[in-house]
Amino acid sequence: MIKQNNRRYPHLMIKAPYNTSIIRPLNPWIPLWWSAAFPGYGHCMVNSPLIGYSLIIFEFTVNNLAKVNHAIYFSMIGDITNAVKVLDLRFFFLYIGVYVFCMFDAYRRCVDLNNNYILSYRTTKTTETGSVSSFSVNTLDKVSPLTAVFWEMTMPGLGSLYLNHLFSFFFSIVTWGITIYYSRFYVGLYYSFVGDFMRAKAVVDPQWYLFIPSIYGGYIYYAYSEAVKINKHYKLSQSQYLGSQYQSPSFRTPLNPEGKGENMYIVASFEHSVSVEIALSDLEEIGVKKSDILALPLNVRNEQTKIFDNAHYSDGVSFVDLATILGSIFMLLGGIYGFVLEQGPILWALYGLVIGGVLGFGIKLMVMKRTPAIDVFGRTKTTEVIMMVRCSEEHDEKIKEIFWRNKASGINHYNENANLIHS
């Protein structure tokens with residue numbers, strides 16, 4: 001862990017042998033939703049695992065005491081009399097207060113976290129990427145989000161273990177094991193697969209069984225989002241390293257200075273288009289010499305854009321978020337109505353999971369197709385031309401404005417005297 005004094009805002013990442021905590025901006029509605037699906041999950045997603053685990057334990061305990069899931073089951077199948085009869089009012093109103101607070105607090109903490117990220121990003125110059133102890137070695141490296149999702153779907157907790165989140169792994173295994181034991185999910189799954197649907201209905205306990213859709217969907221989304229977060233922070237930490245170690249003032253730039261004080265270099269990336277030539281023409285119009293401009297076309301690897309993030313391509317445009325949300329909703333509905341349908345709650349829950357997942361993926365894909373300034377999969381456009389301009393500091397904003405106006409994919413500037421990179 002990096003030791004620095006007098007820091008008002010935290011580091012973007014703290015690495016311990018047993019866990020990795022990374023601050024990243026997040027849409028506040030995501031933790032609010034997962035707090036509604038299962039209290040505590042939203043807090044885990046905003047880097048408050050201790051509070052999250054406490055609320056998850058509260059949800060298991062008080063929900064079972066109040067028989068909330070059982071009441072939901074009877075209400076959804078239209079048996080209001082039994083829904084009222086099974087509900088224990090001594091614990092129900094206690095449950096409602098904490099349930100609503102979880103959504104409010106997860107949203108509030110996410111907004112605060114996003115604000116802290118901005119200030120932490122501006123004050124964190126370097127990030128330590130490894131931690132070693134006699135128990136474990138934990139280093140920041142690229143991971144595959146789909147691999148994390150696969151293992152999490154196989155057994156909740158394994159995705160967290162793949163990401164070296166040991167606390168989350170142990171907690172996930174324990175809570176999943178308890179839920180499976182009391183719901184008798186795997187027993188019902190066996191009877192469903194052998195075609196004994198009546199026994200599958202009889203053996204599954206609705207009170208514990210209705211925890212599963214929210215738990216399963218939440219585990220999957222958490223593993224995916226943490227993997228993407230790790231990959232994006234790896235890119236940031238490597239950028240910090242390159243900026244501090246490989247941007248020496250003694251490096252001879254390709255544009256030789258002709259006068260004192262002219263030591264600012266603007267670097268931009270473009271796609272091949274007429275906008276590149278318009279940008280060059282605009283630069284010459286404001287007095288930039290051709291000898292101070294370097295335009296370098298790149299040979300781009302010809303690959304189809306990938307729909308899913310992987311270890312080497314994580315942009316945070318997730319097709320998993322809506323798929324897991326709708327998958328958990330449809331899985332819950334399938335599990336409830338499966339008790340009165342022929343094939344039982346297990347198979348209908350699996351049908352709901354697949355239908356909801358496919359529907360969520362399809363909706364997100366259509367939304368991305370209509371989103372301007374990015375391609376069909378939500379990725380930024382390919383860099384095909386690098387342009388570098390030497391100028392005085394007083395003209396850098398004007399040149400940046402020309403680049404942005406002409407559809408630059410990205411812009412940065414380098415000051416060889418200050419030896420600093422600024423976004």
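Predicted model: local features only at pLDDT ≥ 70, side-chain atom pairs only at ≥ 80, totals over all residues.
The pLDDT is the predictor's confidence in each residue, on a scale from 0 to 100. Residues are numbered from 1 along each chain as its sequence is written, and side-chain values use heavy atoms, with hydrogens and water left out.

The protein averages a pLDDT of 76, and 74% of the residues score at least 70. Helices (H or I, at least four residues) and strands (E, at least two) are DSSP runs, numbered from the N terminus. Confidence is highest in helix H3 (residues 49–66), at 91, and lowest in strand E9 (residues 420–422), at a mean of 43. Residues 1–5 stay under 50, and the model gives this stretch 7 contacts (heavy atoms within 4.5 Å) beyond four places in sequence. Residues 310–316 also fall below 50, with 24 contacts beyond near neighbours in sequence.

As a whole, the protein has 17 helices and 9 strands. Of its 423 residues, 48% count as buried; here buried means under 20% relative accessible area, exposed over 50%, and partly exposed in between (1.4 Å probe, protein chains only). Among contacts between residues at least 6 apart in sequence, 75% join residues at least 24 apart.

Turning to the interior, a nonpolar core is a set of buried Ala, Val, Leu, Ile, Met, Phe, Trp, Tyr and Cys residues joined through side-chain atoms within 4.5 Å. The largest one has 42 residues, of which Trp34, Ile56, Tyr209 and Ile215 touch the most other members. Helix H13 (residues 212–245) gives the most to this core, with 9 residues. Beyond its neighbours within four places in sequence, Ile215 is in contact with Phe38, Tyr41, Phe60, Trp176 and Thr179. A second, separate core of 18 residues includes Phe270, Val385, Cys391 and Ala408.

In helix H4, the buried residues include Val68, Asn69, His70, Ala71, Tyr73 and Phe74. Just after H4, Gly78 takes a positive phi of about 85 degrees.

Finally, Tyr351 has its place in helix H16. This tyrosine counts as partly exposed because its relative accessibility is 33%.
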